[in-house]
Amino acid sequence: MTAPVTAPAPAAAGHRPSTSGPATGPGAHGGAPPGAAERAAWLENLLGDPDDPRNPHGYTPLLDADDRREIPAATEALLTDAGLTAELVPHELGGRLIRPDLLAQVLRPLFRRDVALGFGHGITSLFGASAVWAAGDTAQREATARVLLAGGRTPILHHELAHANAILRDEFTARPTPDGGFVLSGRKDVVINADRADAYVMYARTASSTGPRSHSVLLLDPERLPPGGLRRLPRALTPGMRGSRFAGLEFTDCPAGADTLVGDLGDGVPLALRTYQVNRCLIPATVVAGVDSVLRFAVRAAVTGRPAGVPPRRWHTVLAGVFADLLACDSMAVTGLRALSLLPDSSHLLAAAVKMTMPDLLREDLEELSTVLGAHGYDRGPRYGGFQKLVRDLPVAGLGHAGTAACQAVIVPQLPTLARRSWFRTDEPAGRLFLPRAPLPAFDYRALTLTGSDDVLTASLIGTAERLVPLRTTSDAWAALADLADAFVQEMRALREQCAALPDITHAALVDPRVCALADRYALVLAAAACLGVWQGQDGTGTFLSDPAWAVLALTRIGRRLGVPVPELPGNTTKAVLEEVLARYRDHRSFDLYDTRLAG
């Protein structure tokens, strides 16, 4: 059960990898310290001060490489030498991957500087390898580990940008042969790292009929494919992530052995649904670091030349509000990632809600920050040029509209069941779910399922709201927080009534705007629940996150988006949050939940 809430005291403001031998390599060590927080700090210092024009890994060379549509070679070499790809390999296979929330923490220094490089040199290889971690046999898992530990890449041959995440499209086919092998055909024009991959993870149609068993997953070593079977197509230029290597692939009657099949025949769609839980939380959790940098640009623009470094009053609400949004988004993303380890049988609902909700919130935040940046928002130089680059990169990186329908397809069918069996009935989760630094069981891709139907986050919301009732008289901030929590509980009651009345979900319901609106409202309630859970978990720490001010502001902004009644902000709320923004800016600390010291 979640701990009780008390009123705390006020807080102070290269080479081809080997395919034989043990699954170890230069990436397995790379000089990195053992703990995730320590590795994040190590990588932050390794990349150096991004504002220093002499830094070969700072904004100046990163933006110059983007203008030339080139990979920042010096920084990519640094990451390879540091063994960053070992973060993507499970610990039992010689890597450093123990939990997804720790992975996101380690990757943030890279994403804080360059989202495109974070994808190109980082997590897209995990998206491919995840099916192998979840269902591969021992030989496949060890071979994939060797590729990544040696700094190699494992791109995923899955969805086409032009039609979002429609995984049932006929881009690749794998016709089974009598000997258990396959004949591959098909083409994709936009695959990241297609021209420099050491292995491909292909989702291909293996059955002529439609349905959930129509696709399978294959692990392909390009060196083992016969000449002429695979043709690498020219590089594709994209409007964002301009330095990343996107190119095409075409398979023409290409034979592949029986040992390339990952899992069982027809496992493609179930594997995608299981493993995409990680992707749906990991992408927003790392992109938060990019928006963190934009908030830093905006604060810089607002305080430069100002007396005592205080921004004009007209920007107080924007800067404080975006900071509160970042903490709320981080609360949701980190909670979703931690649920993968703690609640692997029921984390799919939260993961889908994270991917549905956070892109919209972060895009709105960028629009607000653009008003603070003003003309600086069009600056291509190193002091502010990262803003335009991030705006270009995010849609290509998967934080655009792509995937919303797939996430709705996870949530919508569950709404009637949740309303009838889970909401206001499920027990609260363990409090450590919401504590970023609390220990959790090690994560195992093979434990992920789609069977659970309990909603522990709304249970936590209801419990917290009850515990806040006797604290209303403590202060205006506590009264506002109690009112906000109660408003979201009332929204849950309304959702329960409407969702319980839904008929059996059919395919038509997935495109019914009324049902999709219910899913959107539910996802925003989960964002509020995660925010309250993280705030409550800081009880007694005396830190800024234990102060109700940021939670009041964050929940007020979520409530306004949702259309629920929200109380007037207590008079000092914006001031308290803004003071923390300015303190973190002056002290070179991150704007996320971890509040880590930055290089510079």
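Colleague: Which residues touch the most other members of the largest nonpolar core?

Modeller: In this predicted model, the largest nonpolar core holds 172 residues, and those that touch the most other members are Trp133, Leu319 and Trp550.

Colleague: And where does the largest share of this core come from?

Modeller: Helix H7 supplies the largest share, with 20 residues.

Colleague: What is Trp133 in contact with, leaving aside its neighbours within four places in sequence?

Modeller: With those neighbours left aside, the contacts of Trp133 include Leu88, Val89, Pro90 and Leu93, then Leu126, Arg141, Thr144, Ala145 and Leu148, and finally Tyr445 and Arg446.

Colleague: How many residues are in the other core?

Modeller: The other core, which lies apart from the largest one, has 21 residues, and among them are Ala204, Leu220, Leu230 and Cys254.

Colleague: Back to H7 for a moment. At what angle do H7 and H17 pack?

Modeller: Helix H7, residues 268-303, packs with helix H17, residues 573-586, at an angle of about 95°, and their axes are 11 Å apart. Because angles of 65 to 115 degrees count as roughly perpendicular, H7 is roughly perpendicular to H17.

Colleague: Which residues make that contact of H7 and H17?

Modeller: From H7 the contact uses Arg296, Val299, Arg300 and Val303, while H17 brings Val581, Leu582, Arg584 and Tyr585. Sorted by class, the residues of this contact are 5 nonpolar and 3 charged, with no polar ones.

Colleague: What about H4 and H5, at what angle do their axes cross?

Modeller: The axes of helix H4, residues 100-113, and helix H5, residues 115-135, cross at roughly 150° and come within 7 Å. Since angles over 145 degrees count as roughly antiparallel, H4 is roughly antiparallel to H5.

Colleague: Which residues make the contact there, between H4 and H5?

Modeller: On H4 they are Leu103, Leu107, Leu110, Phe111 and Arg113, and on H5 they are Val115, Leu117, Gly118, Phe119, Ile123 and Leu126. By class, the contact of H4 with H5 comprises 9 nonpolar residues, 1 polar and 1 charged.

Colleague: New topic: how many disulfides does the structure hold?

Modeller: The structure holds 0 disulfides. Cys281, for instance, is in no disulfide, and the nearest cysteine sulfur, which belongs to Cys407, is 9.3 Å away. Cys407 is likewise in no disulfide, with the sulfur of Cys281 as its nearest, at 9.3 Å.

Colleague: Are those two, Cys281 and Cys407, buried or exposed?

Modeller: Cys281 is buried, with a relative accessible area of 0%, and Cys407 counts as buried as well, at 0% relative accessibility.

Colleague: Where does Thr335 lie, and what does Thr335 touch?

Modeller: Thr335 lies in helix H8, residues 316-342, and counts as buried because its relative accessibility is 0%. Not counting residues up to four places away in sequence, Thr335 touches Asp330, Leu350, Leu433, Phe434, Leu457, Ala530 and Val534. From C-alpha to C-alpha, Thr335 and Leu271 are 22 Å apart in space, and in sequence they are 64 residues apart.

Colleague: And Ala236, where is that found?

Modeller: Ala236 is found in the loop between strand S6, 230-235, and strand S7, 246-256. Ala236 counts as buried because its relative accessibility is 18%, and buried means under 20%. Leaving aside neighbours within four places in sequence, Ala236 is in contact with Asp189, Val190, Phe246 and Ala247. Its C-alpha atom is separated by 35 Å from that of Arg446, 210 residues apart along the chain.

Colleague: Last one, on the backbone: what is the phi of His588?

Modeller: His588 has a positive phi of about 55°, although it is not a glycine. Most residues other than glycine have a negative phi. His588 is placed in the segment after H17 and is partly exposed, with a relative accessible area of 37%. Asp595 also lies in the segment after H17, and its phi is near 50°, a positive value in a residue other than glycine. Asp595 is partly exposed, with a relative accessible area of 28%.

How values were computed
Residues are numbered from 1 along each chain as its sequence is written. This is a predicted model: local features need pLDDT of at least 70, side-chain atom pairs count only at pLDDT 80 or more; totals for chains, interfaces and linings use all residues. Side-chain values use heavy atoms; hydrogens and water are left out. Axes are lines fitted to C-alpha atoms, for helices over the stretch in contact, and angles run from 0 to 180 degrees between N-to-C directions. Helices (H or I, at least four residues) and strands (E, at least two) are DSSP runs, numbered from the N terminus. Angles under 35 degrees count as roughly parallel, over 145 as roughly antiparallel, 65 to 115 as roughly perpendicular and the rest as oblique. Contact means heavy atoms within 4.5 Å. Ala, Val, Leu, Ile, Met, Phe, Trp, Tyr, Cys and Pro count as nonpolar, Asp, Glu, Lys and Arg as charged, and the others, Gly among them, as polar. A nonpolar core is a set of buried Ala, Val, Leu, Ile, Met, Phe, Trp, Tyr and Cys residues joined through side-chain atoms within 4.5 Å. Buried means under 20% relative accessible area, exposed over 50%, partly exposed in between (1.4 Å probe, protein chains only). A disulfide is a pair of cysteine sulfur atoms within 2.5 Å.
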